[in-house]
Amino acid sequence: MQADAVEPAGAVSDSAARAARELHVVFSRLRRRIREVARDEDLTPSQVSALTLVGKHGAATASALASAEGVRPQSMAATLVALDRHGLIRRSPDPEDGRRQLVTLTEAGRSRIEGNRQVREEWLARALQDRCTAGERETLLDALALLERLTRP
């Protein structure tokens with residue numbers, strides 16, 4: 001079959017299935033490696049994830065964070081206690097509902113996220129520089145444009 005032949009409606013080609021499997025494996029390895037680069041020895045992966053989530057979305061309730069992370073509210077509460085102990089988050093009353101608290105980053109939390117982001121980006125840029133030719137980096141940019149198309153609704 002030709003590489004660009006159209007598959008019957010509803011069928012998944014062998015090449016699409018193989019690409020999906022390999023993409024999943026490579027992205028999982030890359031995600032793990034990037035996490036290792038900026039390893040927070042004093043924070044668990046779930047704490048780093050919650051800290052990053054607060055950084056991305058700003059003030060949020062613990063229940064909203066739990067929902068966004070796909071964890072139980074009790075698990076998020078324990079994660080937030082640890083982040084609070086490290087001085088990375090602050091809790092303040094929700095102006096719309098005084099029974100709830102809003103979680104925001106402290107300056108230390110913002111610095112931690114930015115430092116991790118910078119370390120990860122520098123590692124990836126250096127790895128691309130050292131391990132890929134200029135032509136391969138261009139090919140990667142072309143492939144990323146295709147992957148971006150997959151993320152659209």
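In which helix is Ala108 found?

Tutor: Happy to. This is a predicted model, in which local features need pLDDT of at least 70 and side-chain atom pairs count only at pLDDT 80 or more, while totals for chains, interfaces and linings use all residues. Residues are numbered from 1 along each chain as its sequence is written, and side-chain values use heavy atoms, with hydrogens and water left out.

Ala108 is found in helix H5; helices here are DSSP runs of H or I with at least four residues, strands are runs of E with at least two, and both are numbered from the N terminus. With a relative accessible area of 40%, Ala108 is partly exposed, a class that sits between buried (under 20%) and exposed (over 50%), using a 1.4 Å probe and protein chains only. Residues up to four places away in sequence aside, Ala108 touches Gly87 and Leu88, where contact means heavy atoms within 4.5 Å. His86 is 22 residues from Ala108 along the chain, and their C-alpha atoms are separated by 9.0 Å.

Arg110 is found in H5 and is partly exposed, at a relative accessible area of 42%. Arg112 and Leu88 are 24 residues apart in sequence and 8.0 Å apart in space, C-alpha to C-alpha.

Now for a strand residue. Ser92 lies in strand S1, residues 89-94, and counts as partly exposed at 27% relative accessibility. Setting aside neighbours within four places in sequence, Ser92 is in contact with Arg100, Gln101 and Leu102.

A pocket, on a 1 Å grid over the protein atoms alone, is an open set of points where a 1.4 Å probe fits, with protein on both sides within 12 Å along at least five of seven lines; lining residues have an atom within 4 Å of a point. About 1500 Å³ of space lies in the largest pocket. Its lining has 44 residues, and the closest to its centre are Phe27, Leu30, Arg31, Ile34 and Leu124. At least two lining residues each come from H1 (14-37), H2 (45-57), H5 (107-131) and H6 (134-150), and H1 gives the largest share, 13 residues. By class, the lining has 26 nonpolar, 6 polar and 12 charged residues; Ala, Val, Leu, Ile, Met, Phe, Trp, Tyr, Cys and Pro count as nonpolar, Asp, Glu, Lys and Arg as charged, and the others, Gly among them, as polar.

Finally, the whole chain. It has 6 helices and 2 strands, in the order α-α-α-α-β-β-α-α along the sequence. The chain is more spread out than a compact globule, because its radius of gyration is 20 Å, well over the 15 Å that the globule rule gives for 153 residues; that radius is taken over C-alpha atoms, and the rule is 2.2 Å times the number of residues to the power 0.38. The C-alpha trace spans about 65 × 40 × 20 Å along its principal axes, and 22% of the 153 residues count as buried.

Notes. Points joined across faces, edges and corners; volume = space filled by probe spheres on them.
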